[in-house]
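Please keep the sequence and the structure to hand while reading.

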Amino acid sequence: MTEALTVDQPAATRHVPERPPLLAIGVLIWLGSDLMFFSGLFATYFTLRAHAPVWPPLGTHLDLVQAGIFSIVLIASSPTYQLGVWAIERGDRKKAKAWLIVSFLMGAAFIGNTLYEWHDFLSKGYAPHTNAYWSLFFVMTGVHGLHVVLGLVAMLFLLGRMSGLKGDPGETNVYQAVGYYWHFVDFMWIGIFSCLFLLKTG
């Protein structure tokens, strides 16, 4: 008869469940609270939109093509970052750094376009005080842009951490945690872009 395992079994032979890194747990909790914040912005948007006979207001001109191109650039940075995650998990730090740089440049290009759009709209007389639509436009794109910038800063710190020839035990966990944040930021932009550029009434 096979003997039942007891608490006296040597530690080396016991199965210890793998625990998720505390950093990943912390980031996911933070993203949960961030999701609530963005949900408030979306609730405000749909409340104002529901009471407007025409949305966006007449005279609103948006460059859907340009915004769409840079939206694709940002969203595509999620797969490129994930390729880096898989590379670092395999121990291929060279490819991981390369994909991290690619993702950083794509995010930076998106921010560059956001700043250009803001300058262009302001020069045409569209400002946060123009009407409810433009208030939401600048708040939603501004808050999201700030999140993108924070993600880019995190990538720079990660690149600095990976500048050595050899990695450290926590390097993979940090790479994964930044990835959770970056995927969240990209996902949020899909909703914001759809609200501001695609959904119309009237």
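In this predicted model, the largest nonpolar core holds 47 residues, among which Phe38, Tyr81, Phe137, Met140, Met155, Tyr175 and Leu196 touch the most other members. At least two residues of this core are supplied by each of helix H1 (22-50), helix H2 (64-90), helix H3 (93-123), helix H4 (132-161) and helix H5 (171-198), and the largest share, 15 residues, comes from H5.

**Overall architecture**

- The protein has five helices and zero strands, so that, by the assignment of helices and strands as DSSP runs, its elements read α-α-α-α-α from the N terminus on.
- Of the 202 residues of the protein, 38% count as buried.
- When contacts between residues at least 6 apart in sequence are considered, 81% of them join residues that are at least 24 apart.

**Packing of H3 against H4**

- H3 and H4 pack at an angle of about 155°, and their axes are 10 Å apart.
- Because angles over 145 degrees count as roughly antiparallel, H3 is roughly antiparallel to H4.
- The crossing in which H3 passes H4 is left-handed, and the residues of the contact between these two helices divide into 19 nonpolar, six polar and one charged.

**Phe137, a residue of the core**

- Phe137 is one of the residues that touch the most other members of the largest nonpolar core.
- Not counting residues up to four places away in sequence, Phe137 touches Leu62, Trp118, Phe121, Gly142, Leu196 and Phe197.

**Thr141 in helix H4**

- Thr141 is found in helix H4 and has a relative accessibility of 4%, so this residue counts as buried.
- Once its neighbours within four places in sequence are left aside, Thr141 is in contact with Trp118, Leu136, Trp189 and Leu196.
- The C-alpha atoms of Thr141 and Leu115 are separated by 9.9 Å, while the two residues are 26 residues apart along the chain.

- Leaving aside neighbours within four places in sequence, the residues in contact with Glu171 are Ile88, Arg93, Leu158, Arg161 and Met162.

Notes
Residues are numbered from 1 along each chain as its sequence is written. This is a predicted model: local features need pLDDT of at least 70, side-chain atom pairs count only at pLDDT 80 or more; totals for chains, interfaces and linings use all residues. Side-chain values use heavy atoms; hydrogens and water are left out. A nonpolar core is a set of buried Ala, Val, Leu, Ile, Met, Phe, Trp, Tyr and Cys residues joined through side-chain atoms within 4.5 Å. Buried means under 20% relative accessible area, exposed over 50%, partly exposed in between (1.4 Å probe, protein chains only). Helices (H or I, at least four residues) and strands (E, at least two) are DSSP runs, numbered from the N terminus. Contact means heavy atoms within 4.5 Å. Axes are lines fitted to C-alpha atoms, for helices over the stretch in contact, and angles run from 0 to 180 degrees between N-to-C directions. Angles under 35 degrees count as roughly parallel, over 145 as roughly antiparallel, 65 to 115 as roughly perpendicular and the rest as oblique. A crossing is left-handed if the near helix is turned anticlockwise from the far one by less than a right angle, and right-handed if clockwise. Ala, Val, Leu, Ile, Met, Phe, Trp, Tyr, Cys and Pro count as nonpolar, Asp, Glu, Lys and Arg as charged, and the others, Gly among them, as polar.
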